[in-house]
Amino acid sequence: MASAALEGVKNALEVIVRDPRYHDLLSLLKTARNGAVYGTKVRFPHALVFRHKVSLVLRATRHHASNLARFAVIYKLTTLALKHFGSTPGKEGPYDTFVGGLIGGYFVFGGRSKRSGKISSVNQQIVIYVFARVMLALARIAVKPGSGFPGVSSEPLHSKINHYAWPAFASLSWAMVMLIFRYHPEELQSSLRSSMTLTPSGHCYGTTNRVGLALSQKLHLALLPSSNSHTQSRRVPFTMAPSTKVAEALTIAQSAAGEKAPIYEKLLADIPNLSSPPTATDDLNAIVDSFFGQGLGVVGTRSILNTFIATLKGLKNEDLWIEVGNRTLGILSSQPSSSSFIDASATLRELIATAHEYNEDFLEAAKVLSEIPLDSSQRKITDEEKATTWIRIVRNYLEEDDSTAAEMYINKLKNIMHDVPNQDLNLHFKLSQARIQDAKRDFLSASQRYHEISFSSAISEEERLHTLSMAIKCAVLAPAGPLRSRALGRLYKDERSVQLAEFGILEKMFLNRLLSPAEVDKFAEGLQPHQLAKTSDGSTVLAKAVVEHNLLGASRLYNNIKFEALGYLLGLDADKAEETTARMIEQGRLVGRMDQLDGIVWFEGGEASGEKGSGRAELIVGKEMRSLAQDVENFPVSIHMILVSTFSLC
């Protein structure tokens, strides 16, 4: 009975799917599903480093996926409406897609957060990325033969523009950013500004001194006059008067005789009843001003301050944490005995950083955490506590795709992680290392680390499969050669790989089969933006990896081949095919020899050594060199014999 009912439902659904009347509705559902799935696939790797904070993982992934799903639904509804109710019902108009994108972009990516009033950093990154891609596409269309502007899209201007466009664009971009940085630095994105803010003496005042030192060693820039140095102490902003109830309670506390600490602690415990959300900021600021102004001594003030921080944390308002926390830090830094409150300052900074993370302002969170003193002689910090803070800083920098700043803290962690028993911290350390190596295009090392993490029992099965997928992607993107072949072999022999969508391209690469453009395009859909970035020669990392792999595949099929035919096989011109082949042979990733006079490459059997120079080519060249050397040595003997013969005849 159950199987018959199930079969009936299946047949009914199949009828609905095949019915043309439901095509538009089904396409709408498919569009929403695809948007949500793609958003999850793109965002989840970034959120994965927050695994021990499940709410942040789910929040970041849900936000990204829901935005793309909402945009897809609005876009599809708009285009369907224009198709059926437009000027030509039943046909798609020339500008329907533009209008659909316009409306979807406005309602989904153009809004501000209802809670904070800020533009979501996730939406900013998406829109900026899309804008950059659109501008590049429009620039190409402008000079495209048959579609571009008259004159510039035809020869000889077309070739000249293609040749000189990128250098001109790069130089103009850097010229403009330096000009803006010189006169209006506050308008630049904060992470860009902080990486450039260096005085002629090499000190940084956009981030902490240690971050500035690392950046100055790497960039060697001297951009701003030293008169702008950011060495001023934290200023305490003006605060409004507290609410009536809090003002009355403060008056009683200030006028009380004897020990006042219990009175302030009681006041703080009752703050939910005395204060309201609109006045909470001013009420808490007034309480801080009051007990710091009473001269209660270090011990009494420290006790009240700890209660105050606990009360602030209990209010569960991220914007309140940031505003009141920063002002309290300013007051602490102005105290003569500020070093006595170093623990409270650290707790406040952790709370402020948490608020920034909830607001997805990861760069500010990293900056706040980096100001926590971890090497002070006045505060005993264990290696595990240092690791907790540094890994948190690394995760925040990676959320902003700032792998350079993240790597500096990873290097600090390398010195202490062997003494940290916490398995979660060690897992996050390895994962962060993998992400940094991935961002730096050290794909082989990243693949190995991702693969190691995929065996960890500390993460769920879904996360293990996801990290295995990331390991396969990095292995595919790695330069072709014996090292990559070994990495592909380990992944191919992993029984879990067959469950992944990337298994098809993994199998073909491991078996040295040629890849078709369709297979490559499908694989590229699952890659991150930095994995699709263009290299110095204008090709993408994926395109270069596929060309090198297909060249290795061709070496298994042919004993020799002309560069013109090889270029046709690889989708390159003959010169580019020759250059790629020479580089791989020289780097020991391909065994063969080249005859540049005849324009042909001879492939030698066997596996390349992976060391500089091809092993078999070296044997052939060495043999010829030894033969030539022997001929040179025999030359004087031959001359002597000829002369002797000549004189004897005479």
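## Leu465 and helix H21

In this predicted model, Leu465 is found in helix H21, and because its relative accessibility is 17%, below the 20% limit, Leu465 counts as buried. Once residues up to four places away in sequence are set aside, Leu465 touches Arg496, Gln499 and Leu500. Ten residues separate Leu465 from Phe455 along the chain, and the C-alpha atoms of the two are 9.2 Å apart.

Helix H21 spans residues 461–477, and the loop between helix H20 (443–453) and helix H21 holds Ser456. The side chain of Ser456 reaches the backbone nitrogen of Ala458 at 3.2 Å, while Leu427 and Arg464 are the residues that Ser456 touches when those up to four places away in sequence are not counted.

## Salt bridges

The structure holds ten salt bridges, one of which joins the side chains of Arg464 and Glu461 at 2.7 Å from N to O. Both residues of this pair lie in helix H21, three residues apart, or about one turn of the helix. Arg464 counts as buried at 18% relative accessibility, whereas Glu461, at 39%, counts as partly exposed.

Lys473, also in helix H21, pairs with Glu502, which lies in the loop between helix H22 (482–492) and helix H23 (503–510), so this pair ties together parts that are 29 residues apart in sequence. The closest N and O atoms of the salt bridge between Glu502 and Lys473 are 3.9 Å apart, and both residues are buried.

Another salt bridge is formed by Lys367 with Glu364, whose closest N and O atoms are 4.0 Å apart. Lys367 and Glu364 both lie in helix H16 (residues 362–370), with a spacing of three residues, about one turn of the helix. Lys367 is buried, with a relative accessible area of 14%, and Glu364 counts as partly exposed at 27% relative accessibility.

## Gln531 in its loop

Gln531 lies in the loop between helix H24 (517–524) and helix H25 (541–557), and its relative accessible area of 3% means that Gln531 is buried. The side chain of Gln531 makes a polar contact with the side chain of Asp438 at 3.2 Å. Beyond its neighbours within four places in sequence, Gln531 is in contact with Asp438, Phe443, Cys474, Leu477, Val541 and Leu542.

## Nonpolar cores

The largest nonpolar core has 64 residues, and those with the most contacts inside it are Phe291, Leu305, Phe308 and Leu413. Leu305 touches Phe291, Phe292, Thr328, Leu332, Phe341 and Ala344, leaving out residues up to four places away in sequence. A second, separate core of 33 residues includes Val476, Ala478, Phe523 and Leu542; Leu542 is also among the residues in contact with Gln531.

## Surface and whole chain

On the surface, a nonpolar patch is formed by Tyr129, Val130, Phe131, Val134, Met135, Leu138 and Ile141, which together have about 630 Å² of accessible area. Phe131 is found in helix H5 (residues 121–142) and counts as exposed, because its relative accessibility is 52%.

The secondary structure of the chain comes to 28 helices and three strands, and 42% of its 650 residues count as buried. The accessible surface of the chain is about 36500 Å², with 59% of it belonging to carbon and sulfur atoms. Of the contacts in the chain between residues at least 6 apart in sequence, 60% join residues at least 24 apart.

Note on methods:
Residues are numbered from 1 along each chain as its sequence is written. This is a predicted model: local features need pLDDT of at least 70, side-chain atom pairs count only at pLDDT 80 or more; totals for chains, interfaces and linings use all residues. Side-chain values use heavy atoms; hydrogens and water are left out. Patches are made of residues with over 30% relative accessible area and no salt bridge: like charges are joined within 9 Å, nonpolar side chains (Val, Leu, Ile, Met, Phe, Trp, Tyr) within 5 Å. Accessible areas come from the Shrake-Rupley method with a 1.4 Å probe; for residues, only the protein chains shown count as cover. Helices (H or I, at least four residues) and strands (E, at least two) are DSSP runs, numbered from the N terminus. Buried means under 20% relative accessible area, exposed over 50%, partly exposed in between (1.4 Å probe, protein chains only). Contact means heavy atoms within 4.5 Å. A polar contact is a pair of N or O atoms within 3.5 Å; within protein, one must be able to donate a hydrogen and the other to accept it, and residues adjacent in sequence count only if both atoms are side-chain atoms. A nonpolar core is a set of buried Ala, Val, Leu, Ile, Met, Phe, Trp, Tyr and Cys residues joined through side-chain atoms within 4.5 Å.
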